[in-house]
Amino acid sequence: MANVAGTPRSRGGVCGLLLILLGAWGGLIPFVGPYFHYAFTPGRAWAYTAGRIYLEVVPGAVVLLSGLIVLAARGRALGGTAAFLAGLGGAWFVAGTGVIETWGTSLGDIRPGTPVAASATKALLEVLGFFTGLGVVIVFFAALALGRFSLIAARDAADDELVDYESDQSGPSQFPASQPGRPDPFPTTTGQYPTTSGQFPPPEQFPPSNPFPPSRS
């Protein structure tokens with residue numbers, strides 16, 4: 001029977017690695033992006049604001065940690081939960097700014113800032129790289145990892161059947177062992193007759209049969 005709880009570690013390998021990289025990008029780009037003139041206001045490197053913390057660093061950390069769990073998980077429940085949390089982190093990159101601006105917050109002035117790019121094309125790239133596009137890619141790989149953890153591949157079923165077969169073969173023998181006072185159910189034989197039960201005489205007491213008797217002349 002296929003194991004519905006366990007899964008190979010390679011099942012979430014690629015997705016977990018990509019989630020780690022995407023989470024690290026989302027959490028670090030607001031602080032290192034200004035070095036390359038790729039930033040939101042304030043356009044200073046390593047400037048901590050409430051918007052950067054709650055809209056970028058926190059979801060980036062959630063995605064990164066979830067990716068680590070997805071990468072190392074051997075259980076379907078743990079790997080699927082981590083993938084789901086990574087998807088929530090990606091969704092927050094997409095919708096976090098709108099949620100904060102619509103509902104408000106008691107944590108202070110949380111604003112993402114505005115793109116520092118002068119051209120509309122570069123400003124669009126900053127929006128995609130910092131929030132919307134990044135979140136969509138994270139949600140995609142998180143959903144892919146969740147799907148891979150939720151299915152039982154044919155290879156998993158074959159491996160589990162092989163393990164079950166080997167465990168059955170290594171278990172106790174199905175043949176009854178002989179006990180004192182009881183005849184052996186599988187006696188050893190010498191010649192044509194069993195020699196353990198005493199029901200038959202040894203073979204040498206029987207005259208050899210000759211199907212062709214000597215002719216009388």
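A crossing of two helices is left-handed if the near helix is turned anticlockwise from the far one by less than a right angle, and right-handed if clockwise. This term is needed at two of the stops below, in a model that is predicted.

**The whole chain**

Begin with the protein chain in cartoon view. The chain contains six helices and two strands, and their order along the sequence is α-α-α-α-α-α-β-β. Of its 217 residues, 29% count as buried.

**First stop: α2 and α3**

Select residues 50–72 for α2 and residues 76–103 for α3. The axes of these two helices come within 8 Å and cross at roughly 165°. Because of that angle, α2 is roughly antiparallel to α3, the cut-off for this description being an angle over 145 degrees. The crossing of α2 and α3 is left-handed, in the sense defined at the outset.

**Second stop: a nonpolar surface patch**

Centre the view on leucine 85, which lies in helix α3. Its relative accessible area is 39%, so leucine 85 is partly exposed.

Next, select threonine 81, also placed in helix α3. With a relative accessible area of 46%, threonine 81 is partly exposed. From threonine 81, draw a C-alpha to C-alpha distance to leucine 146: the two are 65 residues apart in sequence and 7.9 Å apart in space.

Now select residues 13–32 for α1 and residues 132–150 for α5. These helices pack at an angle of about 155°, with their axes 10 Å apart. The angle therefore makes α1 roughly antiparallel to α5. The crossing of α1 and α5 is left-handed.

Select isoleucine 138, in helix α5. Is isoleucine 138 buried or exposed? Its relative accessibility is 0%, so isoleucine 138 counts as buried, the limit for that class being under 20%. The C-alpha atom of isoleucine 138 is separated by 6.8 Å from that of leucine 22, although the two residues are 116 residues apart along the chain.

On α1, select proline 30. Proline 30 has a relative accessible area of 1% and is therefore buried. A C-alpha to C-alpha distance from proline 30 to valine 57 gives 8.5 Å, across a separation of 27 residues in sequence.

Move on to the loop between α1 and α2, which includes proline 34. At 14% relative accessibility, proline 34 falls below the limit and so counts as buried.

Most residues other than glycine have a negative phi, and most peptide bonds are trans.

- Histidine 37, in the loop between α1 and α2, has a positive phi near 60°. At 58% relative accessibility, histidine 37 lies over the 50% limit and therefore counts as exposed.
- Tryptophan 46 also has a positive phi, near 60°, and is a residue other than glycine. Its relative accessible area is 42%, so tryptophan 46 is partly exposed.
- Proline 42 is placed in the loop between α1 and α2. The peptide bond that joins threonine 41 and proline 42 is cis, with omega about 0°.

Methods
Residues are numbered from 1 along each chain as its sequence is written. This is a predicted model: local features need pLDDT of at least 70, side-chain atom pairs count only at pLDDT 80 or more; totals for chains, interfaces and linings use all residues. Side-chain values use heavy atoms; hydrogens and water are left out. Helices (H or I, at least four residues) and strands (E, at least two) are DSSP runs, numbered from the N terminus. Buried means under 20% relative accessible area, exposed over 50%, partly exposed in between (1.4 Å probe, protein chains only). Axes are lines fitted to C-alpha atoms, for helices over the stretch in contact, and angles run from 0 to 180 degrees between N-to-C directions. Angles under 35 degrees count as roughly parallel, over 145 as roughly antiparallel, 65 to 115 as roughly perpendicular and the rest as oblique.
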